[in-house]
Amino acid sequence: QQNNMGNAVTQNKYEIYRNGYPDASNDDTSLTKNLDFYNNLVKIDGATVDEIHSSWFDDFDELDARLDSGFVEWLFPIQEESQFGQMLQKHEIHSMNASNEIRLKIVKSYELMLKFFGIHLADIRTGRLQKTTSYRTRYKVLNDSNDYHPVVTRMLKSIGEYGLEDYQYCFIMHLMREVFTTKELKSCANVLETSWLETYKGTPHRRNNLLNQLRRHRNTNSFFPVAQTYSRYSGYSGHGSNTTTGGYYSRTYNYSQTRTSTPNRAPPPVPTRKPTTEMKNMSSSSEDEVLDSDEIIDSAE
């Protein structure tokens, strides 16, 4: 019964997020640190956002060592209280969305952390993803502990604030494939369902498609129990909060349940803001190889 109540609280939390925090009062025009950071007016750990993008890209040891410093909260601000960063203000969202330069930087932040997890943004227009050749090594940070599970949640929440639902959809589909089909991320089955999938802000039709994909995997009796473990850092909002320790944890979940949803159909295009010509022409600075085209399956088109 307590587990069901916990799931209900988590579901309600994500519903509030998907609805844009309708009761929140976070629109203080004197609070501009997130906007200032993306305008290179604020430094985190002695680095501007541009310096982070240029100096930390592909430096996985550096990124891992700085996890506890809160840089992820600055790269991916959300409309929730943060341990290190400032809560994202609604006026900041409008200003950041109005700037093509800042939107490019947000995409670059997304690419930086995707690469850390062994994933390549293959198409900036659609959000199509592709595994890098080093993905097995990089997947270990998600499989071996849950330290980075809240980071993925925060990434998904943050890009959803900027109309990048296509990116959310492709990321969640990629994760679902790696959990259930390839089983390369099978230890992430619980957090995929209880957190990552719940962040999707796009159309109800596409949300139903994600839920139907999950239901089909349940019906194949794919069940990967996840031990209750605690993250070394509790600042990344997104998972169930343990009131005793303040940490975030993964809960075991009964994957034999089914969820009522509409029959699966091919999803229509999502009406999000289209990238600029500059975004379309921007190529990743990653020098790592990516897998062949048969591994590219996560497209929003």
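## What covers helix H8?

What covers the buried residues of H8? The cover includes H4, H7, strand S1 (119-121), strand S2 (129-131), helix H9 (149-160) and helix H10 (165-181). Keep in mind that this is a predicted model.

Helix H8 spans residues 135-143. Its buried residues are Tyr135, Arg138, Tyr139, Val141 and Leu142. Seen down the axis of H8, these residues fall within an arc of 140°, so they line one face of the helix. An α-helix has 3.6 residues a turn, so residues three or four places apart point the same way. The other side of H8 looks outward: Arg136 and Thr137 are exposed there.

## A covered helix: H11

Helix H11 runs over residues 189-196 and is mostly covered. How many of its residues are buried? The count is eight of eight. They are Ala189, Asn190, Val191, Leu192, Glu193, Thr194, Ser195 and Trp196.

## Where H6 meets H7

Helix H6 covers residues 90-98, and helix H7 covers residues 100-116. Their axes come within 5 Å and cross at roughly 95°. An angle from 65 to 115 degrees counts as roughly perpendicular. H6 and H7 are therefore roughly perpendicular to each other.

Which residues make the contact? From H6 come Met96, Asn97 and Ala98. From H7 come Asn100, Ile102, Arg103 and Ile106. This set divides into four nonpolar, two polar and one charged.

## Salt bridges

A search of the whole structure finds 17 salt bridges. One of them joins the side chains of Arg66 and Asp45, at 3.0 Å from N to O. Arg66 lies in the loop between helix H4 (60-65) and helix H5 (71-75), and Asp45 lies in the loop between H2 and H3, so the pair ties together parts that are 21 residues apart in sequence. Arg66 is partly exposed, with a relative accessible area of 21%. Asp45 is also partly exposed, at 37%. Arg66 has another partner, Glu62. The closest N and O atoms of that pair are 2.3 Å apart. Glu62 counts as partly exposed, at 24% relative accessibility.

Lys115 forms a salt bridge with Asp58, and their closest N and O atoms are 2.5 Å apart. The pair links distant parts of the chain. Lys115 sits in helix H7, while Asp58 sits in the loop between H3 and H4, 57 residues apart. Is Lys115 buried or exposed? Lys115 is buried, with a relative accessible area of 3%. Elsewhere, salt bridges link Arg18, Glu198 and Arg207 in a network.

Where is Thr48 found? Thr48 belongs to the loop between helix H2 (33-38) and helix H3 (49-55).

Why does Thr48 count as buried? Buried means under 20% relative accessible area. Thr48 has 10% relative accessibility, so Thr48 counts as buried. Leaving out residues up to four places away in sequence, Thr48 touches Phe37, Asn40, Val42 and Lys43.

Notes: Residues numbered from 1 in each chain as written. Predicted model: local features only at pLDDT ≥ 70, side-chain atom pairs only at ≥ 80, totals over all residues. Heavy atoms only, no water. Helix = DSSP H or I, 4+ residues; strand = E, 2+ residues; numbered from the N terminus. Buried < 20%, exposed > 50% of the residue type's maximum accessible area, 1.4 Å probe, protein only. Contact = heavy atoms within 4.5 Å. Axes fitted to C-alpha atoms, helices over the stretch in contact; angles between N-to-C directions. Parallel < 35°, antiparallel > 145°, perpendicular 65-115°, else oblique. Nonpolar A, V, L, I, M, F, W, Y, C, P; charged D, E, K, R; others polar. Salt bridge = Lys/Arg side-chain N within 4 Å of Asp/Glu carboxyl O. Arc of directions from axis to C-beta.
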